[in-house]
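Here is a short report on one protein model. Look at the structure first, then read on.

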Amino acid sequence: MQWFTSLDGWVQALLASLMMYLMTALGASFVFFSKKINKTFLTALTGLAAGIMVAASFFSLLLPAIEQESALPSYITVTLGFALGGAFIVLSDLALSRSSLSFHSIGDKKNALLFLAVTLHNIPEGMSVGVAFAVAPAMGEGGAALSAFLLAVGIAVQNFPEGMCVAFPLRAKGMSPLRSFLFSQGSGAVEIPACVVGALAATAIGGILPWALSFSAGAMIAVVCSELIPECFSGNKTVASAGLIAGFCLMMILDLALG
């Protein structure tokens with residue numbers, strides 16, 4: 001870990017984004033072995049990821065945003081940034097759902113919207129990790145980089161079932177296992193440039209850190225509320241609740257104890 005924390009922020013972000021992408025690809029790879037998913041396992045994993053991401057949004061993004069100096073009072077900066085991040089996801093989802101484009105190459109419109117929605121929300125997720133690594137030196141704490149890494153781990157955990165959730169519907173519509181895998185892993189690949197861009201932009205542009213951190217938190221909460229929570233609670237609510245609480249507690253303990 002000492003070797004990792006000695007790297008530049010954008011390099012840390014790049015390595016973390018590769019881990020996140022590989023988890024998407026790993027989840028998607030299961031399409032080569034089966035057409036079905038164990039729904040209880042998927043519900044638990046999705047709930048766990050949702051809890052991790054909710055906790056990370058507060059402890060790894062909003063709290064550091066509040067502590068950063070800005071031209072406006074912190075409560076204004078953080079509130080506006082958070083609202084803009086949430087609005088970005090909501091408006092993007094609306095634009096996708098009202099699209100009149102043809103999606104014959106990916107099966108049908110429902111599958112295409114799923115693929116595009118996952119790809120779209122992976123961009124702010126990647127940027128949030130990059131920003132978290134960028135803010136670590138500014139916080140002057142040895143645990144800040146570890147906190148950013150834990151955020152990346154939380155997103156990586158979420159990416160595993162997400163890779164499945166994109167690949168399996170495509171396979172069920174008759175797409176070959178290879179094409180289903182390629183589409184699914186492609187939805188996660190966008191996190192790599194987004195992560196690096198987030199780190200570089202937050203480092204290069206003075207005063208952007210509190211805005212970027214709160215924007216990322218708002219986008220992440222919107223993604224959790226619009227995608228992960230409805231998905232996992234559509235199944236076994238007890239398993240989903242247990243997974244969500246366990247994920248939140250895990251991230252909170254690690255962040256507070258090690259950060």
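## Helix α8

The buried residues of α8 are E191, I192, A194, C195, V196, G198, A199 and A202. Buried means under 20% relative accessible area, exposed over 50%, and partly exposed in between (1.4 Å probe, protein chains only). Helices are DSSP runs of H or I, at least four residues, numbered from the N terminus.

Helix α8 covers residues 191–204, which is 14 residues. At 1.5 Å a residue it should span 20 Å, and its end C-alpha atoms are 20 Å apart, which agrees. The expected span is 1.5 Å times one less than the number of residues.

## Basis of the model

This is a predicted model: local features need pLDDT of at least 70, side-chain atom pairs count only at pLDDT 80 or more, and totals for chains, interfaces and linings use all residues. Residues are numbered from 1 along each chain as its sequence is written, and side-chain values use heavy atoms, with hydrogens and water left out.

## Aromatic pairs

The structure holds five aromatic pairs. Rings of Phe, Tyr and Trp (its six-membered ring) pair if their centres lie within 6.5 Å; planes under 30 degrees apart count as stacked, over 60 as edge-to-face and the rest as tilted. F30 and F160 have ring centres 5.6 Å apart and planes at 90°, so this pair is edge-to-face. F30 lies in the loop between α2 and α3, and F160 in helix α6, so the pair ties together parts 130 residues apart in sequence. F30 is partly exposed, at 35% relative accessible area. F160 counts as buried, at 9%.

F59 and F248 also pair edge-to-face, because their ring centres are 6.2 Å apart and their planes stand at 65°. F58, F59 and F248 form one aromatic cluster.

Key. Helix = DSSP H or I, 4+ residues; strand = E, 2+ residues; numbered from the N terminus.
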